[in-house]
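I am opening my notebook on a structure that is new to me. Come along and look things up with me, one entry at a time.

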Amino acid sequence: MLNWNDVLRFADAGNPTPDRVVRKSEEEWKAQLSDEQYHVTRRKGTERPFSSGMCSLFEPGLYGCVCCGTLLFDANEKFESGTGWPSFTQPVKANAIAYHADRSHGMTRVETTCNTCGAHLGHVFPDGPAPSGLRYCMNAVALKKQAASLEKATFGGGCFWCTEAIFRELDGVHSVESGYSGGAVDNANYRQVCSGSTGHAEVIQILFDPAIISYRELLEIHMLTHDPTTLNQQGADRGTQYRSIIFTHNNEQRQIAEDLLASLKDGFRDAIVTQVAPLETFYKAEDYHQDYYNLNGGAGYCQAVISPKLRKFREKFKAKLAS
Ligand SMILES: [Zn+2]
């Protein structure tokens, strides 16, 4: 979750790399957008407060950039700020939005733009609700409401450096976080979990678009990219923190998981030991564990264990990879 320090750091030292970049000429933007959309997004305009019904819309769904369609906000993060502009406390992904120091109009503010296409969206302020404390004050005309909503999936199958690297490559997966679930201690950290004494499993939590990839497909890939027949062990990694487990977010997920495990039963030589349990708390792992493979690809463990696993995965699931 981003906080005000992250925002200041991005505005000062540079923004996170976007998943893709969209560039168009002014003429192309003019042809695509209405006059007001063009004025706000490409000319840094501001719409009149209380001019859009979007302020009072709180139905579930996602908000994308009106220029390039990149998903920016989830309705779950929207709140009534009373300002007359739609307000959010958190973007859907840390690299969805770019931040820039803005000293216009005699004020020092932080401007927000779409990190994919550079569209001006509005500003962000440090007076939003807990826990992030952020208020993204957006122009409604810069946003486009989308019908679908993202869903979460959480599971473990050994070292989270491996599982995270795999799921980051799939089309329809918006983000993957490494963390800990299923243990008895609050605020788990790596040292405690590594000792195997807290009962937590190393897990990943995936935010995905069910219109592109289904929960069942994610589970299938999970089951076929780790060994679900070795109890509390994945290769050389041993301990309950490496157990094979699916943490379900609701009854529908539980049903899908149980059906899938039953249907895969005959496909493995040994019995499947994967547990299915309701998710209680997910603790995000320390920052240095996030996106570990992509940031540390040269490290010994990555070369020896993750790279060959990824090669096999890419071969097998070619059709499901993001382009
Ligand atoms: Zn955009």
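Entry: Is strand 12 mostly covered or mostly open? I found it mostly covered, with seven of its eight residues buried. I call a residue buried if 20 or more other C-beta atoms lie within 10 Å of its own, exposed if 12 or fewer, and partly exposed in between, with C-beta atoms placed from the backbone. Strands (E, at least two residues) and helices (H or I, at least four) are DSSP runs numbered from the N terminus.

**Entry: ground rules.** This is a predicted model, where local features need pLDDT of at least 70 and side-chain atom pairs count only at pLDDT 80 or more, while totals for chains, interfaces and linings use all residues. Residues are numbered from 1 along each chain as its sequence is written.

**Entry: partners of strand 12.** I looked up strand 11 (residues 173–181) and found eight bridges joining it to strand 12 (residues 201–208), the two running antiparallel. Two strands count as paired if DSSP finds at least two bridges between them. Across from Gly 179, the bridge partner in strand 12 is Val 203. Glu 177 stands opposite Gln 205 in strand 12. Strand 10 also pairs with strand 12 in the antiparallel sense, over five bridges. There, Ala 153 stands opposite Ile 206.

Entry: Which order do the six strands take? I read 16-15-10-12-11-17, an open sheet with mixed pairing. Strand 16 (275–278) and strand 17 (282–284) stand at the edges with a single partner strand each, so one side of each has no neighbour in the sheet. From one strand to the next, the twist averages 35°.

**Entry: helices on the sheet.** Helix 4 (residues 160–167) lies across strand 10 (151–157), strand 11 and strand 12, and runs at about 15° to strand 12. Helix 6 (residues 215–224) packs on the sheet too, touching strand 10, strand 12 and strand 15 (244–248), and its direction makes about 15° with that of strand 10. For these angles, axes are lines fitted to C-alpha atoms, for helices over the stretch in contact, and angles run from 0 to 180 degrees between N-to-C directions.

Entry: Where does Cys 159 sit? I found it in the loop between strand 10 and helix 4. Cys 159 is buried, because 23 other C-beta atoms lie within 10 Å. Leaving aside neighbours within four places in sequence, Cys 159 is in contact (C-beta atoms, placed from the backbone, within 7 Å) with Glu 202, Gln 234, Asp 237 and Tyr 242.

**Entry: the core.** The largest nonpolar core has 70 residues, and among those touching the most other members are Cys 65, Met 138, Trp 161 and Ile 206. A nonpolar core is a set of buried Ala, Val, Leu, Ile, Met, Phe, Trp, Tyr and Cys residues joined through C-beta atoms within 7 Å. Helix 4 gives the largest share of this core, six residues. The core draws at least three residues from each of domain 1 (4–146) and domain 2 (151–320), bounds that come from an automatic or database domain assignment. The C-alpha centres of the two domains lie 32 Å apart.

Entry: Last, I looked up Val 276, which lies in strand 16. Val 276 is partly exposed, with 18 other C-beta atoms within 10 Å. Its contacts beyond four places in sequence include Ile 246 and Thr 248.

Definitions and conventions:
Two residues are in contact if their C-beta atoms, placed from the backbone, lie within 7 Å.
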